[in-house]
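Work through the exercises below with the model open. Each task is followed by a solution in steps.

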Amino acid sequence: MSSPRAISIVGGGLAGLSLGCALRRSGIPTTIFEAGDYPRHRVCGEFIAGLRDRTIAQLGLADVLADALPCQSVRWFRAGRLIRRQTLSRPARAISRYSLDQRMAEAFVAAGGELRTHSRISSSTTEEGRVFSSGRVRRESEWIGLKVHARGLVLESDLEFHLGDRCYVGLCALPDGSINICGLFQVRSGVSTSRTSALFSYLDAVGLGSLAAKLRSADCDEASFSAVAGFSFDLPANDDGADSPLSLGDAYAMIPPFTGNGMAIAFQSAETALPHLIAWAKGETSWPQTMRVTKEALQKRFGRRFFLASKLHPFLFHPPRQAVFNLVNRARLLPLEVISSAIHAH
């Protein structure tokens, strides 16, 4: 029997690392090219919603997620006022990306994978056996994401969502006792862009001054202040062209962060691609066929989910639509639990 063909993965985030670990367990030679290093903080809600036990088992994630905190109770606030309590149909998992990425990188290397950090590969350099999971596709954008870890805050539920003027902010507790605060904001002129003050300045600017005051009085981990820009929430491209790369995770598409489904999609996209990549590595299929069937499987699994999230997103972001969201919610005409279950479909 001939040796399996090697697979290279561009991007060592959740999708790339989980795929790499699963490929190595199947005996496939695998190299991951990562532009950065580990550990590192990333702008992320740091709670995983919609990740099923089947995916955890398929990708071998049980050990790295063992200490994730279950999150099920949710409170929604608008301009500091409570507008809705929610209970997730299935608990989400809260875990720091700082520790999670590091654990997965170590697991990949321990499984015999080759991890090349500080290595950038352009998406134009396509070749057989190459998969892109290199994060968001950079483009002009009206959004900025900001995050910090803090201690000394008390949450009123497992998860909190705060709606402000063209923004929303999520808070969740992490296994180490800190709180992750992560917000999506529309870019504003005249607001501080300093790494350690931008989040406070944006919270003040969007009408969430009381949350900013709580955060200022907390013990913030200065190293965890993070920002990201140049991204969009376009629907996934329905593209099976041979010239476009095979992309997973955020490189495939970014779902609005209120869903808490971005991390799950990273893992699920790796799970979706895994059997097709193994078949190619074993010489059972051609690379064009592998790309085509994988792209079709990704579209089938995630298309409806992204569509639903894109329709709800504006009602959480823009003040007039927030008012409609609040009014419908108060009348108990908004089936959040049904919508949440549909968005988190596995």
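**Exercise 1.** Which residue stands opposite Glu160 in E9?

Solution. The model is predicted: local features need pLDDT of at least 70, side-chain atom pairs count only at pLDDT 80 or more, and totals for chains, interfaces and linings use all residues. Residues are numbered from 1 along each chain as its sequence is written, and side-chain values use heavy atoms, with hydrogens and water left out.

Step 1. Strands (E, at least two residues) and helices (H or I, at least four) are DSSP runs, numbered from the N terminus. Two strands pair if DSSP finds at least two bridges between them.
Step 2. E9 pairs with strand E4 (residues 69–78) in the parallel sense, over 5 bridges.
Step 3. The residue opposite Glu160 is Arg75.

**Exercise 2.** Describe how E9 and E10 are joined.

Solution.
Step 1. Strand E10 (residues 167–173) runs antiparallel to E9, with 6 bridges between them.
Step 2. Leu171 in E10 is the bridge partner of Glu160.
Step 3. The hairpin has 2 residues between the strands, and Arg166 takes a positive phi near 60° there.

**Exercise 3.** Why is strand E9 largely enclosed by the rest of the structure?

Solution.
Step 1. Buried means under 20% relative accessible area, exposed over 50%, partly exposed in between (1.4 Å probe, protein chains only).
Step 2. In a regular strand, side chains alternate between the two faces of the sheet.
Step 3. On one side of E9, Leu159, Phe161 and Leu163 are buried, and on the other Glu160, His162 and Gly164 are buried.
Step 4. E9 (residues 159–164) is largely enclosed because 6 of its 6 residues are buried.
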